Amino acid sequence: MVFGPPLELFPNGIIHYAVGGLLVGLGVVVIYLGTGLTPGASTVLESTLSYVSDREWFQRPSLTASRSWRLVFTLGIVSGAALYALVLGEGIWTTEVQLWRLAIGGFLVGVGTRVGKGCTSGHGICGIGSLSGTSVVNVLLFLSVAILTAGAVAALGVSP
Amino acid sequence: MNDRGLGFLGLVYVGGLLFGLGLAVSQMARPEVVLDFLQLEDLGLLFVMGGGAALAGVVFAIASRSGRSAPLTGRPYGLRLREFDRNVAIGGVIFGVGWGLSGICPGAAYASVGIGNYPILIAIAGMFAGAYVQGVLR
């Protein structure tokens, strides 16, 4: 073929992605309408550290005042996914991605969300939903850098 | 100070539950699916962030214009606006390297625990370590 094989953008369809995204948004909306809070998933990392570190940075009032509901939010996320795994019968699933990738990647995610004031949910859902220019810049940056990184890692033959 | 009552925490739990259910239904809780997306082999994840942001955006826009306050906290409905500075860009780049390397972001990592993916705990330990080191060295 002159133009190569047709580019398959959505080989697994889009329904479960769209339904999942709307459920994620619904979770945010439920919390927002009840409490006025725009929850992100990464601040719990810092706010939970306030339980174990006396450092002034982790004892900021914004963290100590929000640490209990942030933990409850996180427990809710775990429970919702567990509900899916148990009720929809897919059962337990474990990743094949190599542990060093998870460990180092997780570390950089932890640093990056704190330096950058948010993550895929704080900037990606709540910030974009607020039409925040700051969040748009952050998301475009992390998305393009992640695409380059994942591509480079794959090109080096690391899989998965 | 941080006890805002069972109604408040119950609602946050329900919201988190829907949020985690969505991450599991969309398969974003699986690093492999995220890595396929980042390698541009399946762009479906655009609908997760896009769908979530669109729904949140409509509700945020209506509520923040209403001038009302949230019933459980008395907090006025507002938007999530953060001031832009150099750190937003630097943090985005660091986050991007981590996300591209591991296929895991914070919310999806918690959801991944829920689907029994115990190796993800090492990523979550990494996230806590990263947040701690950032707080110490900043």
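Predicted model: local features only at pLDDT ≥ 70, side-chain atom pairs only at ≥ 80, totals over all residues.
Residues are numbered from 1 along each chain as its sequence is written, chains are lettered from A and ligands numbered from 1 in the order in which they are written, and side-chain values use heavy atoms, with hydrogens and water left out.

## Exercise 1: Cysteines

Solution: 

- Step 1. A disulfide is a covalent bond between the sulfur atoms of two cysteines. Here, a pair of cysteine sulfur atoms within 2.5 Å counts as one.
- Step 2. A:C126 takes part in no disulfide, and its nearest cysteine sulfur, in A:C119, is 9.1 Å away. A:C126 has a relative accessible area of 0% and is buried. (Buried means under 20% relative accessible area, exposed over 50%, and partly exposed in between, using a 1.4 Å probe and protein chains only.)
- Step 3. For B:C105, the closest cysteine sulfur also belongs to A:C119; the distance is 6.3 Å, too far for a bond. B:C105 is buried as well, at 3% relative accessibility.

## Exercise 2: The make-up of each chain

Solution: 

- Step 1. Helices (H or I, at least four residues) and strands (E, at least two) are DSSP runs, numbered from the N terminus. Chain A has seven helices and zero strands. Chain B has six helices and zero strands.
- Step 2. Along the principal axes, the C-alpha atoms of chain A fill a box of roughly 60 × 35 × 35 Å. For chain B, the C-alpha trace spans about 45 × 40 × 30 Å.
- Step 3. Of the 160 residues in chain A, 54% are buried. Of the 138 residues in chain B, the buried share is 55%.
- Step 4. A contact means heavy atoms within 4.5 Å. Take the contacts in chain A with a separation of 6 or more: 46% of them join residues 24 or more positions apart. In chain B, 45% of the contacts between residues at least 6 apart in sequence join residues at least 24 apart.

## Exercise 3: Surface and charge

Solution: 

- Step 1. Accessible areas come from the Shrake-Rupley method with a 1.4 Å probe; for residues, only the protein chains shown count as cover. Chain A exposes about 6900 Å², with 71% supplied by carbon and sulfur atoms. Chain B exposes about 5800 Å², and there carbon and sulfur atoms supply 64%.
- Step 2. Lys and Arg count as positive and Asp and Glu as negative, leaving out His and the chain ends. Each charge is placed at NZ of Lys, CZ of Arg, CG of Asp or CD of Glu.
- Step 3. Chain B has 9 positive and 7 negative side chains, with the centres of the two sets 15 Å apart. Chain A has 7 positive and 6 negative ones, with centres 12 Å apart.

## Exercise 4: Annotated spans

Solution: 

- Step 1. An unreviewed UniProt entry places the feature "transmembrane region" at residues 14-33, 69-87, 99-116 and 136-158 of chain A. UniProt positions are given in the numbering used here, feature names are shortened, and annotations may be inferred rather than shown by experiment.
- Step 2. Residues 69-87 of chain A are 100% helix and 0% strand, with end C-alpha atoms 26 Å apart.
- Step 3. Residues 99-116 of chain A are 94% helix and 0% strand, with end C-alpha atoms 25 Å apart.

## Exercise 5: Backbone exceptions

Task: Which peptide bond is cis, and where is A:K117 found?

Solution: 

- Step 1. Most residues other than glycine have a negative phi, and most peptide bonds are trans.
- Step 2. The bond from A:S159 to A:P160 is cis, with omega near -10°. A:P160 sits in the segment after α7 (133-155) of chain A.
- Step 3. A:K117 is not a glycine, yet has a positive phi of about 65°. A:K117 lies in the loop between α5 (99-115) and α6 (122-129) of chain A, and is partly exposed at 24% relative accessibility.
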